[in-house]
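Subject: Handover of a structure and notes on its contents

Dear colleague,

Please find below the structure that I am handing over to you. I would be grateful if you could look through it alongside the notes that come after it.

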Amino acid sequence: MTRWSSRIAGITLALLPGAALAQDTTAFSFIGVEKCIMCHKSEKSGNQAAVWKQSRHAEAYNTLLTPRADSIAKSRGFATPAKDAAECLACHTMASSKVEDQKMGVQCEACHGPGSAYKSLSVMKDKAKSMAAGLTGYADQAAIEKQCRSCHNEKSPSFKAFNFDERWAQIKHPKPAA
């Protein structure tokens, strides 16, 4: 299992309650935010794409391109710029190893799991089917907070106090209309 897939497996396990904990997310692959946006940009879908695009998650990778990020990486003993440091990429990108995906920042599949098996409308319309196909994010607030804190914590060199309720209000997005 790669470092990326084990990260997603861990996130998935943290998000899915009960029997779903045994789900193996390595069977799924990432499709990228551009494919997700195709169905999640309308008012009917809750305009989730716009919420993400306006969030700091969408720009997370770009923060690694700054002199400040390189300075932080150097002070932490990294021999590479922040944009190449695995420790930085783990929280500033989606778990995909594709460079084009990383440049899109923390996107849909970073929280909702690889979309290859749940991307079709027929699967997405059925909560049980979509969860069986790898969709995460239906967990309770405590599980969602735990996932957020996997990056927003004291290990981050630029960590500031993290108030989950305030930050969740900024990033949460409506579920699509049935």
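The notes below cover the cysteines, the nonpolar core and the aromatic rings. Please bear in mind throughout that this is a predicted model.

Cysteines

The structure contains one disulfide. Its partners are Cys91 and Cys151, whose sulfur atoms lie 2.3 Å apart. Distant parts of the chain are linked by this pair, as the two cysteines are 60 residues apart. Cys91 belongs to helix H5, whereas Cys151 sits in the loop between helix H10 (141–148) and helix H11 (164–171). The torsion about the S-S bond of Cys91 and Cys151 is about -90°, and the disulfide is therefore left-handed.

The two partners fall into separate accessibility classes. Cys151 has a relative accessibility of 18% and so counts as buried, the cut-off being under 20%. Cys91, at 28%, counts as partly exposed.

A disulfide requires sulfur atoms within 2.5 Å. From the side of Cys148, the closest cysteine sulfur is likewise that of Cys111. With a relative accessible area of 29%, Cys111 is partly exposed.

Nonpolar core

The largest nonpolar core is made up of eight residues. They are Tyr61, Leu64, Ala69, Ala73, Ala82, Ala85, Cys88 and Leu89. At least two residues of this core come from helix H4 (67–75), and at least two from helix H5 (86–92). One of the core residues, Ala85, is in contact with Phe78 and Thr80, when its neighbours within four places in sequence are left aside.

Aromatic rings

The count of aromatic pairs comes to one. The pair consists of Phe164 and Trp168, with ring centres 5.9 Å apart and planes at 15°, so the rings are stacked. Planes under 30 degrees apart count as stacked. Both residues lie in helix H11, four residues apart, which is about one turn of the helix. Phe164 counts as buried, because its relative accessibility is 5%. Trp168 is partly exposed, with a relative accessible area of 22%.

With kind regards

Methods: Residues are numbered from 1 along each chain as its sequence is written. This is a predicted model: local features need pLDDT of at least 70, side-chain atom pairs count only at pLDDT 80 or more; totals for chains, interfaces and linings use all residues. Side-chain values use heavy atoms; hydrogens and water are left out. A nonpolar core is a set of buried Ala, Val, Leu, Ile, Met, Phe, Trp, Tyr and Cys residues joined through side-chain atoms within 4.5 Å. Buried means under 20% relative accessible area, exposed over 50%, partly exposed in between (1.4 Å probe, protein chains only). Contact means heavy atoms within 4.5 Å. Rings of Phe, Tyr and Trp (its six-membered ring) pair if their centres lie within 6.5 Å; planes under 30 degrees apart count as stacked, over 60 as edge-to-face and the rest as tilted.
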